[in-house]
Each structure stands twice: as structure tokens, then as C-alpha cells.
Amino acid sequence: MDYKEYVNNILNNIPLGIAITGIDGYVKNVNIQLLDMFGYKLAEVMGKPICNLFQHPDTVEKLLQKRRNIIEEEVYVKARTNKIRFNMSSYPIHGIDDKKIDMIYIFNDIKKERKLTNKIIDNKAIYTFDKIISKDKNFNRLIRFAKEVSDSKSTVLITGESGTGKEVFAQSIHNYSNRRDKSFVAINSGAIPKSLIESELFGYEEGAFTGAKKEGRLGKFEIAHGGTIFLDEIGEMPYDMQTRLLRVIEEGVVSRIGGLDQKVVDVRIIAASNRDLKEEVEKGNFRKDLFYRLNVLPIRIPPLKRRKEDIPLLIDYFMEKISNRLNKKKVLISEEKLDELMDYDWPGNVRELENFIELSINLGYIPNGKEDEEGLKLNGLKEYKYENLMLDYMEKRHIIKVLKIFSCNITKSAEALGIGRNTLYRKMDKYGIDCSDVEQWSVMERNI
């Protein structure tokens with residue numbers, strides 16, 4: 001075995017993509033892993049400029065000129081495989097006289113950062129107004145209004161259909177306000193069991209009830225002190241809790257369950273609902289006085305079908321964002337398919353469009369109504385059911401099936417699902433599953 005063959009064996013046994021160039025930037029050697037990563041043949045890379053591999057060669061060149069070494073920089077590669085983002089490190093190789101003779105480039109799968117996760121855990125808002133894409137005049141007028149009222153202490157009520165981006169607006173208002181450096185605390189009024197929502201909002205003292213933590217617990221309003229609290233699906237809040245919320249808005253104080261002390265809280269309240277709260281007031285489901293307290297600064301977000309000229313913009317935006325996040329290539333959309341997307345009413349609004357683009361990127365093509373190789377039945381966009389792609393839809397359907405198998409025996413059903421009884425009760429409450437009408441489930445399943 002000669003020296004060159006020995007070196008190649010070493011390179012090919014390293015589980016990273018490696019390329020070696022001369023000082024002129026032309027490739028002298030690569031290993032098998034790099035060819036597999038990028039989808040190239042050896043002849044297509046050897047003797048060619050290393051810059052041919054990069055989507056933004058000028059950026060890489062500037063990094064090389066600025067630093068002696070490049071360590072774990074994210075780069076975009078002109079790969080023929082589906083992955084396009086990689087971490088790259090680069091080091092000079094010196095000869096005996098310490099003169100730089102070659103460069104080695106090492107490529108690895110991208111290391112996903114957890115900045116957004118940390119922001120969510122730390123009660124920080126993620127979205128800003130520059131993430132809201134539109135060229136619709138009325139929609140942009142709405143954005144300007146939201147910016148103008150961002151610094152106000154008055155409550156904001158954001159209404160609109162599901163998937164229109166109510167929380168995106170709420171977070172953007174917070175990040176545009178003078179409270180941007182404080183907490184943004186979001187709570188979904190419809191996702192928390194009625195028995196727990198009071199303790200979630202206002203906290204509790206030690207020994208307030210069975211199962212309470214020894215040290216007590218802060219409520220969301222105390223956590224949001226100085227910042228913003230976002231009350232999503234406010235129309236789902238129990239009627240008796242609406243009274244307590246009204247008092248917090250009017251007096252600016254909260255008291256924990258089991259406690260006597262009143263704590264002053266400085267909190268900006270932004271509420272949101274996909275229901276018509278005026279109708280809910282007329283039906284007796286929502287307090288009239290609370291509605292007017294919340295509706296000081298109303299923002300009504302229009303459905304996507306009323307701003308169809310934004311669909312191409314949103315498609316481009318989501319295609320770029322999601323392909324980068326998934327580290328997959330963008331999908332080309334023909335004029336004919338774009339017209340079809342423009343004609344569709346998008347009942348799930350912007351969220352449905354985002355999910356559809358993510359589905360397309362994962363498949364590598366725009367669904368065309370045929371059954372794909374993996375057996376996923378795509379009914380064509382005209383018959384495309386947005387809710388059928390949601391995890392909540394699948395979870396609800398599975399819970400119903402398990403309950404039917406065990407004749408609505410909660411203990412056995414919970415055991416089969418691998419969750420506790422209380423968790424099952426919460427999920428049944430969330431999805432409106434009622435054991436009293438088993439026959440109705442069969443009707444539901446036929447119509448889903």
C-alpha cells in the first residue's frame with residue numbers, strides 16, 4: 001500500500017465530509033462521505049474550484065480572509081441531495097517550513113440551535129412585525145394600527161378565524177412595545193381544564209388544595225408582571241373565571257388561591273378569540289362588561305381568502321423558511337399549480353398554507369391528487385382537508401377508538417393509551433368527547 005492509498009483509506013474512514021484544496025482553491029482530494037453528502041461523483045469535484053460547492057462562495061471567501069481557521073460555520077451547499085445546510089470547519093495545512101501549502105475543509109450535519117425553544121421557556125415573544133408578510137392595503141393598515149397602539153396600556157382584543165395569525169400579531173405588538181424586554185406569557189384558555197385554569201392564572205399558596213406544591217406556585221399574571229399576558233381563545237374561558245379576570249383588569253391586583261394577600265401586577269393584556277364574542281354575549285356565554293373591557297383596541301384579522309394577492313408572497317416566505325429549517329430543497333411550483341393554490345379558499349388560513357408548503361417540501365413535490373409511494377392519500381387541493389393533517393385530529397380520533405374498544409371504561413382506556421386517568425379526562429374535555437353518546441362517535445367517524 002503506497003502513501004497516497006494509505007491517506008485515502010484514513011479519509012474514507014472518517015465519518016465527516018472532507019475536501020482538501022491547494023492554496024489556489026482547487027480540490028486535490030475528497031473522501032467518500034463528502035460525495036455521499038452532496039450527491040456528486042468524484043470526477044465532478046476533483047480539480048474544480050472549492051467555491052463551486054457553495055451557494056454563497058463570496059461569504060465563505062470573506063470568512064477565509066478574515067480568520068485563520070473557520071470553526072463550525074453554517075454554510076449553504078449546492079448539493080444534489082435534499083440537504084443543503086452544513087456546518088463547515090476549515091484549517092490550513094502547513095509544510096515543513098511552516099508555509100501554508102493546502103487547506104482542509106470538514107463538513108458535518110447542521111447542529112440545530114435551540115434559541116427559539118429557550119425563548120419560549122423563558123417567556124419571550126418570538127415573532128415581530130417584519131415576519132408578517134402582506135401587500136394588501138387593508139392588512140397593512142391593520143399592521144400600522146397595531147404598531148401605533150403597541151406602547152399603550154389598554155387591552156387589545158384580536159379576533160379572526162383559526163390560523164389567521166392572532167398570536168403572531170400579539171407577539172409582534174409586545175416586541176414593538178416598551179415592554180419588549182419583559183415577559184410575554186401566553187395561555188390558551190380553551191386547552192386548560194376548568195378545574196386548573198384558576199390556579200394557572202392566579203397561582204396558589206402552600207396547602208391550598210390536595211396535590212398543591214409545598215412552596216405554592218406563581219400564577220401567570222405574576223410571572224407576566226411588567227410585561228404582557230396573552231389570553232388565547234378567551235371565548236372558551238369559564239363564566240365564573242371571567243368575573244375574576246374582570247377584577248384584575250379593573251383593579252390591577254391578583255390574589256392566589258388559598259391566600260389573603262393582594263399583589264399589584266403591571267400587565268398588558270392581549271386577548272384573542274376565533275369566536276364572535278358579541279354573539280357569545282347575546283347567548284349568555286360571555287360577560288358583557290368583560291367584553292367591553294377587552295375590546296378597547298380591537299384588531300380583526302381577515303381570512304386568507306380575503307387577501308389572495310398575498311398567497312404568492314406567503315408561499316415564497318414559507319418555502320424559504322421551512323426548507324432552511326428542515327434542511328431540504330425548495331419545491332418548484334408551476335404557474336398552473338400556483339393558479340390552483342390561488343383559487344383555493346384556504347379554510348385553515350395562513351396556518352393551512354404553511355402546513356401545505358411543509359408537506360410539499362417533505363414530499364419533494366406539490367401534491368397532485370395521486371397516491372404517493374409511501375401510501376399517503378392526497379385528495380387534490382380542491383378536496384384537501386386541512387384538519388386531517390393536524391395532530392389534534394389524529395389524537396382525538398384515536399382516543400375515540402380506544403374508548404369504544406373498552407366501552408368507555410376510563411381506567412382501561414387510559415392504561416391502553418399509556419396515560420393517566422386525569423390526563424385522559426383532560427383530553428376528553430379538550431376534544432369534547434362525551435361517553436354518554438357512543439353512537440354519535442360512529443357518526444363522527446363516518447363524517448370526519
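**Entry 1: cavity**

I began with the largest cavity of this predicted model, and found that α10 (239-251) and β11 (253-254) each supply at least two residues of its lining. I noted that α10 gives the largest share of that lining, three residues. The lining residues I listed are Arg-244, Arg-247, Val-248, Val-253, Val-254, Ser-255 and Gln-262. Sorted by class, I have three nonpolar, two polar and two charged residues around the largest cavity. I put its space at about 40 Å³. How many cavities of 30 Å³ or more does a search of the whole structure find? I got one.

**Entry 2: second largest pocket**

I then turned to the second largest pocket, which holds about 360 Å³ of space. I counted 22 lining residues, and those closest to the pocket centre are Ile-23, Glu-61, Leu-64, Met-103 and Tyr-105. Which elements each supply at least two residues of this lining? I recorded β1 (17-22), α4 (57-66), β4 (85-94) and β5 (100-109). Of the elements, α4 gives the most to the lining of this pocket, with six residues. By class, I divided the lining of the second largest pocket into 11 nonpolar, five polar and six charged residues.

**Entry 3: α6 and α7**

Next I looked up the pair formed by helix α6 (residues 137-148) and helix α7 (residues 166-176), whose axes come within 9 Å and cross at roughly 45 degrees. On the α6 side, I found Phe-139, Leu-142, Ile-143, Ala-146 and Lys-147 in the contact, and on the α7 side Phe-169, Ile-173 and Tyr-176. My tally for the contact of α6 with α7 is seven nonpolar residues, no polar ones and one charged.

**Entry 4: α17 and α18**

Which residues of α17 meet α18? I listed Ile-410, Thr-411, Ser-413, Ala-414 and Leu-417, and their partners in α18 are Arg-421, Leu-424, Tyr-425 and Met-428. For the contact of α17 with α18, I wrote down six nonpolar, two polar and one charged residue.

**Entry 5: confidence**

Last, I checked the pLDDT. The protein chain averages 83, and 86% of the residues score at least 70. I marked residues 112-121, where the pLDDT is below 50; beyond near neighbours in sequence, I found five contacts for this stretch in the model. I also marked residues 437-448, again with a pLDDT below 50, and this stretch has 19 contacts in the model beyond near neighbours in sequence. Where pLDDT is low, the predicted coordinates should not be read in detail.

Note on methods
Residues are numbered from 1 along each chain as its sequence is written. This is a predicted model: local features need pLDDT of at least 70, side-chain atom pairs count only at pLDDT 80 or more; totals for chains, interfaces and linings use all residues. Side-chain values use heavy atoms; hydrogens and water are left out. pLDDT is the predictor's confidence in each residue, from 0 to 100. Contact means heavy atoms within 4.5 Å. On a 1 Å grid over the protein atoms alone, a cavity is a set of points where a 1.4 Å probe fits but cannot get out, and a pocket is an open set with protein on both sides within 12 Å along at least five of seven lines; lining residues have an atom within 4 Å of a point. Grid points are joined across faces, edges and corners, and a volume is the space filled by probe spheres set on the points. Helices (H or I, at least four residues) and strands (E, at least two) are DSSP runs, numbered from the N terminus. Ala, Val, Leu, Ile, Met, Phe, Trp, Tyr, Cys and Pro count as nonpolar, Asp, Glu, Lys and Arg as charged, and the others, Gly among them, as polar. Axes are lines fitted to C-alpha atoms, for helices over the stretch in contact, and angles run from 0 to 180 degrees between N-to-C directions.
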